Amino acid sequence: MPKIIKKIKFLFGILFLCQASSALLAQGLNHNWLLGYLDAPYLPYSPSADATLQFTKTSYSITGTSRLMKFRATQANISDSLGNILFYSNGGWIADATGDTMINGSGLSPSIFSTVYSDYGFPPPSMQIALPFPDSNNVYILFHQTSEPLESNSVELYYSIIDMKQNNGKGVVTQKNLIAFQDTILFGIHACKHANGRDWWIVTLRDSSDVAIKLLFTPNGIAQVDTQHLIVPLHHNGYTQPMCFSPD
């Protein structure tokens, strides 16, 4: 077993013991975590560095694998209710379950940044998130962002629609690089289930401010975009902002 996989296995073994009753032990939509470690475009890449971390209700497993897609920090994927992976992305393009480019899945978030990093994966984490379309069993949405100017911040939030009924169940990107809103936002896209149990809140942070930009995603698509002052100091100039949501 490659050394990197042993280290990852040890780390998640600790997480498993510490979080035995936590939502980290998810099953279904976020059943699979796809791992890689490529640090920079100029470093050599080894397929043995790839791994899949798979959770069930009571355990986890980690296996080495080989993928065409390379990951650096950002990564989004989604699985069906049984934990079978449907598609995944490194920020630059979308792969189907076979690992091949999904139809119309290349050229996400067009920019110089995306052109530079598409083959290697985007460096900042949390630059995309995949969600099921409310009230649909086959349609999914991928929210994604890029960096303009290069490695500074984002000036819009993109989204693309994936229909998994098409192409014999391997999926097709039916709409791509639609703009949800334009603003100057930090790296990091986060989601929280609406209290109605159906819709989603998508949240990003405005650069150099205390403003959270909130997007409501419903069966009809994007229903509203508004803002909220958090009254806390934030980092600026493109730093990734991790986010947690209170059950309150």
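Biologist: What does F217 touch, leaving out residues up to four places away in sequence?
Modeller: Counting heavy atoms within 4.5 Å as contact, F217 touches P132, F133, P134, I141, F143, D199, W200, I202 and I222. Bear in mind that this is a predicted model, where local features need pLDDT of at least 70, side-chain atom pairs count only at pLDDT 80 or more, and totals for chains, interfaces and linings use all residues. Residues are numbered from 1 along each chain as its sequence is written, and side-chain values use heavy atoms, with hydrogens and water left out.

Biologist: OK, and the largest nonpolar core, how many residues has it got?
Modeller: It has 18 residues, and those with the most contacts inside it are I141, F143, L157, I202, L215 and F217. A nonpolar core here is a set of buried Ala, Val, Leu, Ile, Met, Phe, Trp, Tyr and Cys residues joined through side-chain atoms within 4.5 Å. Buried means under 20% relative accessible area, exposed over 50%, and partly exposed in between, with a 1.4 Å probe and protein chains only.

Biologist: Which elements give two or more residues to that core?
Modeller: They are β7 (128-132), β8 (139-144), β9 (154-163), β10 (172-185), β12 (200-205) and β13 (211-218). The largest share, four residues, comes from β13. There's also a second, separate core of 13 residues, with I78, L108, I162 and V173 among them.

Biologist: Back to D199. Where does it sit, and is it buried or exposed?
Modeller: D199 is in the loop between β11 (190-193) and β12, and it is buried, at 4% relative accessible area.

Biologist: Switching topic: how many disulfides turn up?
Modeller: Zero in the whole structure, taking a disulfide as a pair of cysteine sulfur atoms within 2.5 Å. As for the cysteines, C192 is partly exposed at 24% relative accessible area, while C244 is exposed at 77%.

Biologist: And overall, what's the secondary structure?
Modeller: Two helices and 14 strands, as DSSP runs numbered from the N terminus (helices H or I, at least four residues; strands E, at least two). Buried residues make up 45% of the 248.
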